[in-house]
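Here are my notes on this one, written as numbered points. Have the model open while you read.

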Amino acid sequence: MHNKEIVQENYEVIQEIDNIIEEEYDVLMEMYILLQEEQELTKEKLARVTVEWSNQLKENLMCIAVDMRGYGDSDKPKGLASYKMDNMVDDLRALVKGLGRERVTLVCHDWGAVIGWRYILRHMETVEKYVMIGAPAMEVYGWIAQREWDQFRKGWYVFFFKAPLIPEMALRINDLSIFKAMKTEGTTDEDIEAFKYTFAKPKALTYPLNYYRANAFGQVSRIKKKPEKYAPGLYLLGEKEAFISLSTGPAMEKVYPNLTYKLVPRATHFAQQDKPTLVNEMMRNFLTSSTK
């Protein structure tokens, strides 16, 4: 087959995938957007739902859920430069524009939250409210990691994941047993198998690891012009958080105006899975409050 024919065939496949995505909302991994209608909120019918946010998507809210770049069925561009944080911020901005929405409520976890913090600094005018779970802004993380042993100790894996090849090999040991170790009260054996199925695919671990490799501390440019007014925000950390220092909570409140930090009792890093009823209640109370 000639190169021209291969390109044409690939183009047709991409077009077919695009048509499918236009008809149904795709899978979610780290980030989702709540679109609040002026009228009564209605539950959006989702064709497919992944494990991490399944308990939240049961709420009586219209939700748009997507895989971040490099995850699940989303595009997986090669090269570390493709995974620079601002590229993911641009992805999210394009999504909001593509949905035809002027303002949204943003809810993010882990790397989704790291990117979410940067998104609201660059595009605060598009944010009604926001909820970040399990990760502070990168600049706050770096500042605390340099000064507190607790965060430096908890974040050892951040440095390990920057190495080539070895992290992929380590994570694949014993049939991806790392996912069994991450099991919480809110996940089932079927959930773990779903994660393993996704990350067992060729290079399915490499692209998410590129987030760590492409975004070293000090290499992410500072945003010089900060928003004049900040949307109301909620920052949640599990009481049993194993990867993020709880001191990032008060620190984020100092850096981000109009932000409220709350601890989720007895929850781990995966608070939205671990204590879904409690997290849903905390989110619902925040989203329905009259905070401006």
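1. What volume does the largest cavity have? About 230 Å³. A cavity here is a set of points on a 1 Å grid over the protein atoms alone where a 1.4 Å probe fits but cannot get out. Grid points are joined across faces, edges and corners, and the volume is the space filled by probe spheres set on the points. The structure holds one cavity of 30 Å³ or more.

2. Before going on, some bookkeeping. This is a predicted model, in which local features need pLDDT of at least 70 and side-chain atom pairs count only at pLDDT 80 or more, while totals for chains, interfaces and linings use all residues. Residues are numbered from 1 along each chain as its sequence is written, and side-chain values use heavy atoms, with hydrogens and water left out.

3. Back to the largest cavity: 17 residues line it, and Trp-111, Val-114, Tyr-141, Val-158 and Tyr-212 are the ones nearest its centre. Lining residues have an atom within 4 Å of a point. Two or more lining residues come from each of α3 (111-122), α4 (138-145) and α6. Helices (H or I, at least four residues) and strands (E, at least two) are DSSP runs, numbered from the N terminus. By class, the lining has twelve nonpolar, three polar and two charged residues. Ala, Val, Leu, Ile, Met, Phe, Trp, Tyr, Cys and Pro count as nonpolar, Asp, Glu, Lys and Arg as charged, and the others, Gly among them, as polar.

4. Next, the second largest pocket, with about 920 Å³ of space. A pocket is an open set of points with protein on both sides within 12 Å along at least five of seven lines. Its lining has 37 residues, and Ile-178, Phe-179, Met-182, Phe-243 and Phe-270 lie nearest the centre. Helices that supply at least two lining residues each include α6 (156-160), α10 (189-199) and α13 (271-274). The lining divides into 23 nonpolar, six polar and eight charged residues.

5. Now look at helix α14 (residues 276-288). Its 13 residues reach 18 Å from first C-alpha to last, close to the 18 Å expected at 1.5 Å a residue, where the expected span is 1.5 Å times one less than the number of residues. Its buried residues are Pro-276, Val-279, Asn-280, Met-282, Met-283, Phe-286 and Leu-287. They sit on the same side of α14 because they cover an arc of only 165 degrees around the axis, taken from the directions from the helix axis to the C-beta atoms. Thr-277 and Thr-288 are exposed, on the face turned away from the buried side. Buried means under 20% relative accessible area, exposed over 50%, and partly exposed in between (1.4 Å probe, protein chains only).

6. Strand β4 (residues 127-133) is largely enclosed by the rest of the structure, because six of its seven residues are buried. Strand β3 (residues 104-109) runs parallel to β4, and six bridges join the two; strands pair if DSSP finds at least two bridges between them. In this pairing, Val-107 stands opposite Val-131.

7. Two backbone angles deserve a look. Most residues other than glycine have a negative phi, and most peptide bonds are trans. Asp-110, in the loop between β3 and α3, has a positive phi near 55 degrees and is buried, at 16% relative accessible area. Asn-174 also has a positive phi, of about 55 degrees. Asn-174 lies in helix α8 (residues 173-176) and is exposed, at 61%.

8. Finally, two contacts across the sequence. Phe-199, in helix α10, is buried at 8% relative accessible area. Phe-199 and Gly-72 are 127 residues apart in sequence and 8.2 Å apart in space, C-alpha to C-alpha. Arg-93, in helix α2 (residues 85-98), is buried at 17%.
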